[in-house]
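Subject: Structure handover

Hi,

Here is the structure I promised to pass on. Have a look at it first, and then read my notes below.

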Amino acid sequence: MIAKPDGALPAALEAPSFDDDEQIYLQIADDRLNGRLPERITENEMLRRYDLTRARLARILRRITNEGWIERLPGHGWAFLPVLTSLQAYEDSYRFRLLIEPAAILEPRFTLNRPALERCREQQQWLVDGGIWEVSDAKLFELNSGMHEAIIECCQNSFFIDALRRIDRVRRLIDYRQMLDRDSAVGRCREHVHLLDLLLADKRVEASEFMRQHLTELSTLKTAARDKRQEQATADLRGKRAAAE
């Protein structure tokens with residue numbers, strides 16, 4: 001595959017960039033995850049809390065609505081939808097994925113959607129070739145979860161498909177805190193390319209087994225990444241306390 005010049009995004013990834021919006025978006029996500037936002041909130045409260053214009057808030061709320069973790073209330077205000085906040089529930093979601101994603105590849109009605117998977121392969125190869133250093137955590141989550149959803153959609157079993165979509169929606173916020181460092185993440189993207197190559201070559205048994213191995217290792221890596229962040233946060237806090245004494 002020919003690399004894109006100057007690290008340019010593939011056409012499928014091109015989108016307007018709003019760096020300031022991204023910061024506010026992630027702040028809202030963190031506030032929600034940590035219980036600093038109530039389940040119901042008005043636009044005026046959010047305007048005051050985040051010092052936003054109505055146009056910017058509308059843009060951010062539209063994004064959050066599209067991602068499925070907030071909805072407009074009839075007449076007035078907004079309601080946040082359930083998301084994973086427990087790390088144990090997050091780890092349990094990976095164990096559930098270990099059951100359904102490898103199995104979905106072996107479903108009798110599995111039919112390869114070649115254009116969709118080739119598009120995912122292009123995106124993942126772009127990440128491997130250096131694009132991973134250009135995208136936000138939110139976009140990386142979107143690309144990677146989108147690839148897994150594109151694969152499971154090929155099984156044509158609505159129960160598998162709906163289950164993974166639901167998991168992806170509710171784990172989105174906590175996953176931002178579990179993100180791997182980019183050096184580790186690029187390795188997972190290489191695994192995605194290999195997985196897609198197996199599927200595109202119609203090697204479903206090998207692809208199913210590789211999916212199982214990929215998810216097992218990913219869960220382990222994310223647990224280690226979380227523990228490392230917690231250790232660093234504890235060390236930073238101790239350092240601040242020592243400096244203040």
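Predicted model: local features only at pLDDT ≥ 70, side-chain atom pairs only at ≥ 80, totals over all residues.

Setting aside neighbours within four places in sequence, Arg 97 is in contact (heavy atoms within 4.5 Å) with Pro 102, His 148, Leu 164, Ile 167, Arg 171 and Leu 215.

Residues are numbered from 1 along each chain as its sequence is written, and side-chain values use heavy atoms, with hydrogens and water left out.

As for the overall layout, the protein has nine helices and three strands (DSSP runs numbered from the N terminus: H or I of at least four residues for helices, E of at least two for strands). Along the sequence they follow the pattern α-β-α-α-β-β-α-α-α-α-α-α. Of the 245 residues, 47% count as buried. Among contacts with a separation of 6 or more, 75% come from residues 24 or more positions apart.

Back to Arg 97, which sits in helix 4. Helix 4 (residues 87–105) packs against helix 6 (residues 137–153) at an angle of about 50°, with the axes 8 Å apart. Axes here are lines fitted to C-alpha atoms, for helices over the stretch in contact, and angles run from 0 to 180 degrees between N-to-C directions. That makes helix 4 oblique to helix 6: under 35 degrees counts as roughly parallel, over 145 as roughly antiparallel, 65 to 115 as roughly perpendicular, and the rest as oblique. Helix 4 brings Arg 97, Ile 100, Glu 101, Ala 104 and Ile 105 to the contact, and helix 6 brings His 148, Ile 151 and Ile 152. By type, the residues of this contact are five nonpolar, one polar and two charged (nonpolar: Ala, Val, Leu, Ile, Met, Phe, Trp, Tyr, Cys and Pro; charged: Asp, Glu, Lys and Arg; polar: the others, Gly among them).

Next, the aromatics. There are three aromatic pairs in the structure, a pair being rings of Phe, Tyr and Trp (its six-membered ring) with centres within 6.5 Å; planes under 30 degrees apart are stacked, over 60 edge-to-face, and the rest tilted. Tyr 25 and Trp 69 have ring centres 5.9 Å apart and planes at 70°, so they are edge-to-face. This pair links distant parts of the chain, 44 residues apart: Tyr 25 is in helix 1 and Trp 69 is in the loop between helix 3 and strand 2. Trp 69 also stacks with Phe 80, at 6.1 Å centre to centre and 20° between the planes. Phe 80 lies in strand 3, eleven residues from Trp 69. Tyr 25, Trp 69 and Phe 80 form one aromatic cluster. Tyr 25 is buried at 0% relative accessibility, Trp 69 at 1% and Phe 80 at 6%.

Cys 120 is buried at 7%, as is Cys 155 at 1%.

Cheers

Notes:
Buried < 20%, exposed > 50% of the residue type's maximum accessible area, 1.4 Å probe, protein only.
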